[in-house]
Amino acid sequence: MRLRNVSFLTVLLFGLCGLVSLSWYTAFSSSRGDVVDIYQREFLALRERLHSAEQENLRRSKELNLVLEEIKRAIAEKQALRDINRTWSSLSEETRLKLWNVSSSKNVLQLPSIFHHLPHLLNREDSLLPAVHLGQGRTGVSIVMGVPSVKREVHSYLTDTLSSLVSELSAAEKEDCVIVVLIAEADQQYASSVADNLKRLFPAEIQSGLLEVVSPSVHFYPDFSRLRESFGDPKERVRWRTKQNLDYCFLMMYAQSKGTYYVQLEDDIVARPNYFTTMKNFALQQPLEEWMILEFSQLGFIGKMFKSLDLSLIVEFMLMFYKDKPIDWLLDHIMWVKVCNPEKDAKHCDRQKANLRIRFKPSLFQHVGTHSSLAGKIQKLKDKDFGKQTLHKGHANPLAEVTTSLKTYQHFTLEKAYLGEDFFWAFTPVAGDFIRIRFFTPVRIERYFFRSGNIEHPGDKLFNTSVEVLPFDNIQAEKEALTEGREKTPKYHRTEDGFIRIGTFQNGIAEGEVDATFGPLEAMRLSVMTDSPVWVILSEIFIKKAE
């Protein structure tokens, strides 16, 4: 009985162990199956990613092949272009022009273009692009003023001309015009140096878009050595007037799309006050739109206004005969062709041309240069209709004693200039020279204005000259105005003798406001810091008292 019970217990124990083992195995098998499924899913995802990467690699490989093909094609085209250019250059101008006519259009009939008159321009793609271009590209103005300038052997009047044109414009007028300077020289180094100098002297005008500077490509000009002499002029003069005609053409083509009217000027002139509005109003007041030229000066090609719409006609006519006659003759010929009847007499022709060419008086521009752009030529041309221009401008300034270290020329004293009776004229300044204004009683000054040079002697300006003030209460002024910010850094430069530097001359003019914290001033001074190359004229002194 006991043995039977033991056997039963043993069998029961083995059964329990088997059941436990079976449960563990079943659980283990189930867990192992889940892990395998996870691995399988990850493997499938990895294979999918590898497949996508392979497809992306193939796509990018095709793109790279396309890029390489484009590079090879571009290199081949460039090489072919070089071969064509070498072949093209070996052809005569007549042959090149015929080929250009055939390739430019499917039509048999061809309109003339600039390439018909200047076939050498076909030699270079950049022959019509400016080699120097400085400015903002302003358009949509009322008047564009063109100022061609070349290198002169003796003296350049360009900066004086620009100073005169700019200084006589109001703020509103400056927004309604563009002054385009053409540096008409094939020497690109010279052209760039002039452009850099104008950028330094007229930064605000260039930044605002008022002033633009351009220079033609060296490939714009043809070979002048083969020009035919005519009208008894020597070859050098024929070359000079031929190039001048092309300069005018380039400038007109560049300016045509910028404004309503175009005014041709020169680089050695001065302008009357209010010249811009006077020209604009005169053009708008013309009863007929048939006019072709409005003249604001009787000299040469100075102050000639054209409608921008007419510039294409004028340029094309000039290009047809640029080698034959000077510009003023060509303009007269254009008008003759337009209105003169060959069967009528010269008086009738002159009456007809008078409807196209209308003169304004008094002249708004005066020629001031004596050294022509033609080497060795001296010309003292003056426009009699310009009239006698005021050479100084007077103001009621505070009572003061004026002294200077400069040597006065004749009767043009500093005292007369300060009182507004005349201008001050002195010999060449050197570093250390000064003009001092010592007030009889300390006075509060709101602003100041000094103008050097005048319309007859625009180059006699103050250069590198500072404007300085001497406060009556130097200690208080130093506390209030000479330092700024937490670091108390110097706001103004103080000289060894106590004067405070508040401004400098720019383009012959010094103007600005006086810091109110200086309080009453004992004196003002103009100090020359470097030697000057020219004499000096002080044509306007204005010291405005604070109210």
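Student: On what basis are the features reported and the residues numbered?

Tutor: This is a predicted model, in which local features need pLDDT of at least 70 and side-chain atom pairs count only at pLDDT 80 or more, whereas totals for chains, interfaces and linings use all residues. Residues are numbered from 1 along each chain as its sequence is written, and side-chain values use heavy atoms, with hydrogens and water left out.

Student: How many helices and strands are in the protein chain?

Tutor: Helices (H or I, at least four residues) and strands (E, at least two) are DSSP runs numbered from the N terminus. The protein chain has 14 helices and 22 strands.

Student: How are contacts along the sequence to be read?

Tutor: A contact means heavy atoms within 4.5 Å. Among contacts between residues at least 6 apart in sequence, 76% join residues at least 24 apart.

Student: How is the packing of two helices described?

Tutor: Two packed helices are described by the angle between their axes and the distance between the axes. The axes are lines fitted to C-alpha atoms, for helices over the stretch in contact, and angles run from 0 to 180 degrees between N-to-C directions. Here helix 10 (residues 311-321) and helix 11 (residues 327-339) pack at about 115°, with their axes 10 Å apart.
The residues in contact include Phe-317 and Phe-321 of helix 10, and Leu-331 and His-333 of helix 11.

Student: What defines a salt bridge, and how many are counted here?

Tutor: A salt bridge is a side-chain nitrogen of Lys or Arg within 4 Å of a carboxyl oxygen of Asp or Glu. By this rule the count comes to 21 salt bridges. Lys-243 and Asp-247 form one of them, at 2.9 Å from N to O. Because they are four residues apart in helix 8 (residues 235-255), about one helical turn separates Lys-243 and Asp-247. Lys-243 is buried at 12% relative accessible area, and Asp-247 is buried at 5%.

Student: Which parts of the chain does the salt bridge between Arg-501 and Glu-468 link?

Tutor: The closest N and O atoms of Arg-501 and Glu-468 are 3.4 Å apart. The pair links distant parts of the chain, with Arg-501 in strand 19 (residues 500-504) and Glu-468 in strand 15 (residues 465-471), 33 residues apart. Arg-501 is partly exposed at 25% relative accessible area, whereas Glu-468 is buried at 1%. Salt bridges that share partners join Glu-468, Asp-497, Arg-501 and Arg-525 into one network.

Student: Which residues form a nonpolar patch on the surface?

Tutor: Patches are made of residues with over 30% relative accessible area and no salt bridge; like charges are joined within 9 Å, and nonpolar side chains (Val, Leu, Ile, Met, Phe, Trp, Tyr) within 5 Å. In this model Val-67, Leu-68, Ile-71 and Ile-75 form such a nonpolar patch, with about 370 Å² of accessible area together. Val-67 lies in helix 1 (residues 2-90) and is partly exposed, at 45% relative accessible area.

Student: Which backbone features deserve a remark?

Tutor: Most residues other than glycine have a negative phi, and most peptide bonds are trans. Asn-274, however, has a positive phi of about 65° and lies in the loop between strand 6 (269-271) and helix 9 (275-284). Asn-507 also has a positive phi, near 55°. The peptide bond from Lys-361 to Pro-362 is cis, with omega near 0°, and Pro-362 lies in the loop between strand 9 (357-359) and strand 10 (365-367).

Conventions: Accessible areas come from the Shrake-Rupley method with a 1.4 Å probe; for residues, only the protein chains shown count as cover. Buried means under 20% relative accessible area, exposed over 50%, partly exposed in between (1.4 Å probe, protein chains only).
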